[in-house]
Each structure stands twice: as structure tokens, then as C-alpha cells.
Amino acid sequence: MLLLIKPSTSTVALITAIASLTILSACQTLPNADLKKNARPVALSPLTANMSAIDRQGHIAYIEEKGVGAAKVSTLYSIRPDGTGRQVIAQLGGYLYSPAWSADGQLLAYSKQAPRQSPKIYIYDRSNQTHNLIVNSNGSNLSAAFSPDGKKLLYSSTVSGNADIYELNLADGSTRQLTTLPSTEVQPSYASDGQSFVYVSDKVRAGHPRLYRYDFATGKAAPIATGGYAASPQLSLDGKQMGYLNGRQAAVISLTTGQVTNLAETGLDEPAKLSPSGQYAVYPTRQSPIGAQTSGSLVIRSLTGGSSYTISSKTGGVVRSPVWSK
């Protein structure tokens with residue numbers, strides 16, 4: 001059972017700095033939306049045409065933010081990798097964060113926060129277009145991740161006072177706390193075999209996050225050699241690669257050789273997220289401000305040939321947190 005302890009202001013600020021987490025608000029299911037009429041027809045890209053079915057038939061969930069302060073509006077979208085079929089999943093005045101697909105691509109977890117409330121975790125079911133409240137404990141509840149079998153959910157929460165990682169059994173609602181350190185532990189992501197997960201911690205030096213792998217069998221965590229500031233890890237399905245934020249750059253590392261491929265400095269402190277096949281990565285970029293508003297795009301890049309293409313934002317706002325399902 002989760003403790004009901006209100007997190008301190010300093011703890012919430014630290015989580016925000018490490019995990020690039022923001023405040024969220026109420027959401028609702030909205031009708032489908034078409035691509036902007038002036039958007040480039042990315043479906044014609046040879047890169048898209050040559051994708052394997054597991055990538056091409058998937059969906060990319062991502063967030064667009066438009067406006068500032070009390071006028072900010074956040075929208076959670078789902079879109080095909082070729083730029084077609086853009087659909088609004090949720091929209092609200094405020095912020096949305098951390099979308100995460102289940103392994104079968106049918107469920108989408110995300111966090112939202114109503115004004116003057118703490119972030120809560122919801123799950124959107126594509127089959128019936130419903131949004132269900134899953135984590136409603138006191139504190140900031142963020143960075144949800146489904147287990148490979150879809151039966152459990154990892155997430156970070158400040159319910160015990162500082163940010164730790166918890167595992168929720170979706171069948172009976174039982175929760176267990178996996179990390180108990182006085183530091184900040186956030187952004188968990190399961191390995192495809194379900195035997196371990198990767199996450200972010202600043203336990204060596206406060207405010208300087210590094211990556212770790214937690215083993216369920218031993219209950220112990222070991223550092224992942226990335227060097228320097230690292231955050232937002234995601235393992236490939238074959239376990240050989242990891243997308244992450246390397247300093248200020250979206251990057252991919254080979255876990256067998258240690259070779260790091262820096263893809264781009266996006267200006268948003270956003271990581272690269274891998275496609276189901278592990279052959280492509282998606283990350284957002286920020287473009288030059290138009291008036292007082294900064295716009296953005298999704299970039300999809302081949303990790304073998306280096307070719308890439310972009311999908312423009314729907315609203316002309318800032319693009320964040322893309323994640324690719326099969």
C-alpha cells in the first residue's frame with residue numbers, strides 16, 4: 001500500500017530537473033485530426049517505404065505544447081510513422097507527460113495533472129477509447145512503463161517523500177516499492193524479457209543523473225557505462241541497444257560494444273526512442289520561434305544509413321516525448 005506523504009518543493013524541483021517532467025491537467029477523448037494541409041507528404045519517403053512491417057504498421061505517440069503560462073495547451077497524439085492517421089488521444093490546458101505503449105500497442109499510459117493537484121497516471125485503451133485512472137497516490141506520479149506481458153506497470157512517485165520506483169500489479173492494484181534510496185530514482189523502462197529494468201538515479205551526485213539496471217532476481221542495481229549526464233533510457237526489444245539522452249543530445253548506445261551514436265542536439269533535452277525493430281529512432285526537434293511561439297517536428301532516422309525525415313507538428317507548437325509502438 002502506498003504511503004500518503006506530500007513531497008517537498010525541493011524534491012519536486014529535483015525530479016523536474018532530472019526527468020524533464022512538467023505539470024499535467026484534465027483530459028478527454030477527442031475526434032481524429034488530419035495532417036496540416038501544408039505538411040510535406042512524408043509517406044513518399046523511401047525511408048518509410050523500406051521499413052519493416054513491425055515499424056511501419058506501428059504508432060508513434062507524442063505530445064504537442066502550445067502557448068505559455070495559463071494559456072498553455074497540451075495535446076497527446078498518435079500518428080503513423082509515415083505521418084498519416086494523426087489522432088488526438090487527450091488534450092488539456094496545462095501539461096501532459098511520458099506516454100508509454102504496452103507491448104501490443106493497445107494501451108497507452110501517460111501522466112496528467114489538474115491545476116493545483118499532483119500528477120496522476122492514466123491508461124488509454126485504444127479498443128474502446130477510454131481513459132482509466134491507475135495511480136492516484138499523493139505526490140508526483142510519472143514515467144509509467146508497461147511490463148512485456150502487460151500485467152504490471154513501473155512508475156516513479158514521490159509518495160514516500162522523494163522519488164522512488166514502484167511496480168503496480170494491474171490485476172489487483174497491489175504495489176511494491178523497488179528503490180528506497182534517499183536520492184532521486186525516475187524513468188524506469190523494462191527489458192523485453194521482464195527480468196530487469198533500466199532507470200535514472202542521481203545517487204552518486206545530486207542533480208547529475210546516471211543510468212542503472214535493476215535485476216528483479218537479486219533486487220540490486222548496477223550502473224550502465226554511458227559517461228556523464230544520462231537520462232530517459234529505453235532498451236531495444238533484442239536488448240542490444242538503448243536509446244537515451246546523452247548530455248543534451250538524443251543518442252543510441254550499443255550495449256555490446258559501448259559505441260555511442262549521437263543523433264542530434266534537439267534543444268529540448270529529449271532522448272531518442274527506438275522503433276520496435278531497433279533499426280530507427282524517433283526524437284523531437286525545436287525550430288526557430290515564430291513570433292513568441294517555438295514550433296517543432298518529429299524526426300525519424302535510420303540507424304544504419306543515417307537517412308532521416310520529419311513530421312511537422314499539427315498545431316505549430318513544441319513537440320515532446322515521442323514513443324513508438326508495434
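Okay, before anything else, a definition: when I say two rings pair, I mean rings of Phe, Tyr or Trp, taking the six-membered ring for Trp, with centres within 6.5 Å. Keep in mind that this is a predicted model.

Y190, F197, Y199, Y212, Y214 and F216 come together as one aromatic cluster. Across the structure there are 10 aromatic pairs.

Where do the two residues sit? Y190 is in strand β12, residues 185–190, while F216 is in the loop between β14 (210–215) and β15 (220–223), so the pair ties together parts 26 residues apart in sequence. And both Y190 and F216 are buried.

Now another pair, Y280 with W324. Here the ring centres are 6.4 Å apart and the planes sit at 35°, so this one counts as tilted. Y280 belongs to strand β21, residues 280–290, and W324 to strand β24, residues 318–324, so the pair links parts that are 44 residues apart in sequence. Y280 and W324 are both buried.

Which ring does the charged end of R86 sit over? That would be Y77, with the charged end 5.9 Å from the ring centre. Then there's K112, whose charged end sits over the ring of Y122, 4.0 Å from its centre.

So if you've got the structure open, go and find Y190 and F216 in the cluster, then Y280 and W324, the tilted pair.

Notes
Residues numbered from 1 in each chain as written. Predicted model: local features only at pLDDT ≥ 70, side-chain atom pairs only at ≥ 80, totals over all residues. Heavy atoms only, no water. Phe/Tyr/Trp six-rings, centres within 6.5 Å; stacked < 30°, edge-to-face > 60°. Helix = DSSP H or I, 4+ residues; strand = E, 2+ residues; numbered from the N terminus. Buried < 20%, exposed > 50% of the residue type's maximum accessible area, 1.4 Å probe, protein only. Lys NZ or Arg CZ within 6 Å of the ring centre and 35° of its normal.
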